[in-house]
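Me: I would like to go through a model and learn how to read its charged pairs, cavities and pockets. Please show me the sequence and structure before we start.

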Amino acid sequence: MNHLKKTRMALAIALMAGGSAFAQQAATGAAAPTAAPAAAAPAAADSVDRIVVTATRRNTFVQETPLAITAYSQDTLANNQVKDLASLTAMVPSLVVEQHGDSGGVHVYMRGVGSANHTELGDPAVAFYVDGIYSPRPQGATALMYDLSHVEVARGPQGTLNGRNSTAGAVNLVSGAPSTDKFFGTAGMTVGDRHHLQTQAMVNIPLSDTLGLRIAAIKDSQDGTVAFRQGSNVLPGSKKYGANDQMGVRASLLWKITPELRGTFIADYFHDQGAGNVYLAAEPKAGQELRSALIDTPGMLDQSIMTYKGRLNYKPTESLDLTYLGSWSRYQRTNANDADAGVFPGFKSENRTEWAKFDSYSHELQARSDNDAPFQWVGGLFVFGEKNKVRFDIDRSQISQATVAQDVANGSVIFVQPTVGQYASAMSFKQGNRQLKSNAAFAQISQQVTEQIKLTAGARYTKDHKFDIGGQNWACPNWPANVPLGTTVLTADQIRQLVTPGSGLINSHNIGPGGAVTAAGCGNTPGDNSADLKYSQSTWLGRVEYKLAPQILLFGSVTTGFHSPAIGDGGATTKPEKLTSYEIGFKSDLFNRELTLNLDAFWMKYKDKLESQVVNSVLANFNAAGATVKGIEAEWTWRPTRIDRLTGNATYLKAVYDDFLSCDVDAARANGQSCGSTAPLVNVGGATMKHAPKFATTIQYEHDFALGGGQLTPRAAVHYEGDSFIGSGAFNGDVPGHAGVKRQDAYTTLDLSVRYQPSNKAYTAELFVQNATDKAVKLDVTELCTDTGMPCQPTQQIYGAFYNQPRTFGARVSMKF
């Protein structure tokens with residue numbers, strides 16, 4: 001409560017400062033700046049940087065863009081140790097990124113809205129772009145951020161200009177542009193705990209007056225965070241879960257073909273050979289180390305993204321600008337993951353992506369009028385396609401508890417290899433041809449009615465076709481029933497799931513890595529995932545802007561968006577998610593840009609909101625009838641003197657379901673029931689949505705000290721977040737016997753650093769510590785007995801959670817030449 005009172009007081013002071021500054025600027029009549037087609041405009045020594053963004057398909061300063069949008073330059077990202085989207089969360093209001101294990105992907109939430117489906121069956125709710133090119137897979141959001149011009153994060157629906165799957169917002173990484181003017185470059189190295197080593201470099205080479213080449217690369221590796229508990233069945237030298245081993249290379253070529261025509265061509269490669277992540281105990285036993293697990297499947301991840309992008313800009317006249325964006329991308333992955341996380345010794349559930357290949361392409365043609373005309377317009381055509389191929393296997397097996405007890409007593413490895421009469425089963429998802437074809441047309445117009453008033457209207461029409469040809473689900477021999485702990489008399493259904501009698505140690509129902517799946521070997525026939533889904537959707541926008549003073553912008557808007565429907569197992573389909581958002585905003589540059597203060601209030605109504613949850617060991621997609629999200633966001637950057645900077649953000653949020661008939665998976669199991677058969681449906685209207693704390697804030701302070709002809713800058717950043725629901729599903733209440741397990745209590749984290757720059761800024765040297773108090777924060781919780789088919793008692797529940805990064809410290813050196 002004290003945190004809340006203090007932060008509200010700080011916001012009130014900031015608002016009063018903004019009001020007095022408005023009076024001052026209205027009196028002086030300071031002129032508004034003119035946007036330039038550059039990533040950032042130079043600022044005075046005692047003012048804040050200004051970044052140019054492209055969220056409106058035009059080059060506009062953040063403070064002149066009538067959206068809730070946050071942008072940071074590469075230098076700011078580096079100073080805050082940001083290397084991927086997950087490490088950006090505290091710097092952007094309402095942004096949450098969940099790590100996940102069995103696909104190398106993440107779940108991205110904004111304003112309490114996101115998608116919990118990271119498989120080929122789902123699409124993210126926060127659209128992710130690199131250089132304006134849409135990245136359809138959530139694994140794209142795990143790519144390293146390096147050599148960027150800036151990153152821009154737009155909150156709320158972006159359905160008119162960005163289209164599908166941007167109901168919660170959109171993230172765009174803009175890479176550094178090549179130049180034909182001069183030769184220059186950068187280089188840097190970071191070292192830290194857990195053998196952290198990051199190296200990166202960039203060089204810009206002007207090949208001629210019309211050709212410029214920019215090459216950038218990064219390599220980042222660090223040991224894992226999850227210790228192997230005694231009894232883990234792992235080979236010496238196995239990577240711990242949480243280990244990183246990533247690299248990226250990007251080559252960009254600028255060709256000034258004619259004075260009116262220029263092209264930029266980019267080849268971008270990302271490779272990740274880390275260990276992935278694993279669930280940890282959400283309710284650790286006394287004396288049990290939190291970041292440890294009993295592992296029998298070491299984490300293995302090998303994923304890569306290769307993207308070729310092209311951009312052509314043609315300006316035949318001063319009043320017309322034509323742009324073409326095209327791309328082709330291939331994402332590939334193999335990985336293995338310990339799905340049971342060892343929380344039930346003697347039971348093993350191993351998830352493996354045997355192979356996955358996702359090919360996508362996009363073409364976009366944009367036409368726009370001159371930026372300075374009173375009447376402005378932009379229009380375009382968009383074509384996107386994706387083809388998915390994936391085989392995903394789940395192997396499950398169990399040994400007797402007597403054997404487990406003997407291994408524990410002897411201090412031996414718990415070797416889960418079932419023999420005759422013991423439980424084993426497997427499942428294989430084989431999707432050989434799942435495709436999406438999407439076409440869209442969009443247009444947006446703006447009219448400067450008076451010097452102060454500007455009106456904007458826009459619309460987009462999208463036509464999609466999703467289909468799956470020949471997709472199969474194999475259950476070998478059938479999907480396992482939960483065998484109660486200590487059972488000695490097996491049912492007929494359980495007997496059919498045993499290792500084939502007479503096969504000894506050969507587990508014929510454990511497919512094994514790369515094993516063939518046939519009806520004869522599986523003991524079953526496949527389920528059919530074939531589906532064919534066609535749909536279309538129109539989205540629109542209406543907005544009014546009012547220039548209250550040269551440096552103060554007010555705006556109000558009504559926007560719509562949609563999330564494409566999902567195809568699930570068995571060919572099941574959902575409705576598309578639709579959204580209407582009402583928003584008013586205030587943006588200001590005050591005191592000669594010493595203070596930037598932005599406020600945004602929003603009210604968003606969802607219809608048929610898409611949800612994903614594991615039900616009876618199967619990931620299901622379904623629609624909630626409705627949901628309402630409303631709140632207020634504030635962002636500020638204040639430089640009261642030339643040597644002090646105070647920046648931060650704060651969010652007040654209320655995100656609830658209006659009407660949603662669903663089955664409470666956790667309550668059903670606690671009562672010995674099963675969703676889809678014996679458990680009733682419950683209306684959870686009024687329940688708070690996931691990752692929607694009522695209040696959250698980040699405050700960062702920097703002070704410059706003159707030292708040795710240079711500048712020493714300590715930095716402290718504090719992030720506070722109120723309690724929030726972080727469990728899977730829509731039920732935010734307590735589970736009998738597990739109070740608070742699906743919630744994250746209010747918490748505070750602290751980041752510290754000190755950096756030094758000489759007066760010519762030729763290099764930067766920095767010491768840093770992230771999460772200095774080593775606060776453990778739950779990001780996601782699931783009930784593993786249901787999720788993995790674990791042989792728990794009929795009403796027993798065991799919860800696993802993904803957590804934030806532990807305390808991390810290191811040193812960074814970078815230079816420019």
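Me: Which kind of contact do the side chains of E350 and R352 meet in?

Reply: In general, side chains of opposite charge can pair when their charged atoms come close. The term used here is salt bridge, a side-chain nitrogen of Lys or Arg within 4 Å of a carboxyl oxygen of Asp or Glu. The side chains of E350 and R352 meet in a salt bridge, at 2.8 Å from N to O. This is a predicted model, in which local features need pLDDT of at least 70 and side-chain atom pairs count only at pLDDT 80 or more, while totals for chains, interfaces and linings use all residues. Residues are numbered from 1 along each chain as its sequence is written, and side-chain values use heavy atoms, with hydrogens and water left out.

Me: Is E350 buried or exposed?

Reply: Buried means under 20% relative accessible area, exposed over 50%, and partly exposed in between, with a 1.4 Å probe and protein chains only. E350 counts as buried because its relative accessibility is 12%. R352 is buried too, with a relative accessible area of 3%.

Me: Which residue does R352 form a salt bridge with, at 2.8 Å between the closest N and O atoms?

Reply: That partner is D395. The pair links distant parts of the chain, with R352 in strand β22 (residues 347–369) and D395 in strand β23 (residues 375–398), 43 residues apart. Strands (E, at least two residues) and helices (H or I, at least four) are DSSP runs, numbered from the N terminus. Both R352 and D395 are buried.

Me: Where in the chain do D704 and R645 lie?

Reply: Their side chains meet in a salt bridge of 2.9 Å, N to O. D704 is in the loop between β36 (695–703) and β37 (705–707), and R645 is in strand β33 (residues 644–659), 59 residues apart. D704 and R645 are both buried. Elsewhere, salt bridges that share partners join K348, E350, R352, E354, R391, D393 and D395 into one network.

Me: How many salt bridges does the structure hold?

Reply: It holds 37 salt bridges.

Me: How many cavities of 30 Å³ or more are there, and how is a cavity told from a pocket?

Reply: On a 1 Å grid over the protein atoms alone, a cavity is a set of points where a 1.4 Å probe fits but cannot get out; a pocket is an open set with protein on both sides within 12 Å along at least five of seven lines; lining residues have an atom within 4 Å of a point. Grid points are joined across faces, edges and corners, and a volume is the space filled by probe spheres set on the points. The structure holds 13 cavities of 30 Å³ or more. The second largest cavity has a volume of about 400 Å³. Of the 26 residues that line this cavity, V130, S135, I305, T307 and S329 are the closest to its centre.

Me: Why does the second largest cavity lie between domain 1 and domain 2?

Reply: Domain bounds come from an automatic or database domain assignment. Domain 1 (52–175) and domain 2 (184–816) both give residues to the lining, so the second largest cavity lies between them.

Me: What is the volume of the second largest pocket?

Reply: Its volume is about 550 Å³. Of the 26 residues that line this pocket, R229, K285, Q288, G342 and V343 are the closest to its centre. β18 (280–281), β19 (292–293) and α3 (401–410) each supply at least two residues of its lining.
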